[in-house]
Each structure stands twice: as structure tokens, then as C-alpha cells.
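Dear colleague,

I am handing over the structure we talked about, and below it you will find what I came across when I went through it. Please keep it open beside this message while you read.

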Amino acid sequence: MERILERVGCDELSAIILTAPGWARVALTMPDEQMRERAADAIAATIIEKMSGVPGPDRNQLALPL
């Protein structure tokens, strides 16, 4: 954890969390344990994506069959 904080400051980490999907941020407070776990996974994936510098797939892009 300290290694992450050496690379990313608290303000930047907060900004990254705020770019996570809204449903995930809200779902962290849900009483359903599975929903909270999915939300935590989504937020963790957002943090990893932003820290790695490699953009993930655009969630708004429709998948088209080839």
C-alpha cells in the first residue's frame, strides 16, 4: 500500500476514485454483500487502469460483431 501512495498522492487517488462508475461508488453502501464486492472490484479496476496509464475499453462503445 505504501508503494502505491509513493507513486500517487491522496488528492490524485481521490480523483481516480471519483472517475469510477457512479453505480459502484453508490453500491459500496448497499446491504447486499455481492453488490458491494462487485462495486469494490469495479473501483479497484478503475484505480489500476488509471495508474497503469493504459486506457481500458470505453464502456460507452458498443461491441459490434465481426
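**What was found**

On the surface, a patch of negative charge is formed by Asp-32, Glu-33, Glu-37 and Asp-41, which gather there. Please bear in mind, for this and for everything that follows, that the model is a predicted one.

Of its 66 residues, 18% count as buried.

Which residues make up the largest nonpolar core? There are six in all, namely Ala-20, Ala-24, Ala-27, Ala-39, Ala-42 and Ile-43. Two or more residues of this core are given by each of the elements α3 and α4, and α4 gives the most, with three residues. As general background, nonpolar side chains in soluble globular proteins tend to be buried together.

Helix α4 also holds two residues that are worth looking up one after the other. Met-51 is found in helix α4, and with a relative accessibility of 19% Met-51 counts as buried, because the cut-off for that word is under 20%. Although Met-51 and Arg-7 are 44 residues apart along the chain, their C-alpha atoms are separated by 8.8 Å.

Is Ile-48 buried or exposed? This residue, which is likewise found in helix α4, has a relative accessibility of 59%, and it therefore counts as exposed, since that word is used for values over 50%. Ile-48 and Ile-16 are 32 residues apart in sequence, while the distance between them in space, taken from C-alpha to C-alpha, is 9.5 Å.

When you go through the model yourself, you might begin with the charged patch of Asp-32, Glu-33, Glu-37 and Asp-41, and then turn to the six residues of the largest nonpolar core.

With best wishes

Technical notes. Residues are numbered from 1 along each chain as its sequence is written. This is a predicted model: local features need pLDDT of at least 70, side-chain atom pairs count only at pLDDT 80 or more; totals for chains, interfaces and linings use all residues. Side-chain values use heavy atoms; hydrogens and water are left out. Patches are made of residues with over 30% relative accessible area and no salt bridge: like charges are joined within 9 Å, nonpolar side chains (Val, Leu, Ile, Met, Phe, Trp, Tyr) within 5 Å. Accessible areas come from the Shrake-Rupley method with a 1.4 Å probe; for residues, only the protein chains shown count as cover. A salt bridge is a side-chain nitrogen of Lys or Arg within 4 Å of a carboxyl oxygen of Asp or Glu. Lys and Arg count as positive and Asp and Glu as negative; His and the chain ends are not counted. The place of a charge is taken as NZ of Lys, CZ of Arg, CG of Asp or CD of Glu. A nonpolar core is a set of buried Ala, Val, Leu, Ile, Met, Phe, Trp, Tyr and Cys residues joined through side-chain atoms within 4.5 Å. Buried means under 20% relative accessible area, exposed over 50%, partly exposed in between (1.4 Å probe, protein chains only). Helices (H or I, at least four residues) and strands (E, at least two) are DSSP runs, numbered from the N terminus.
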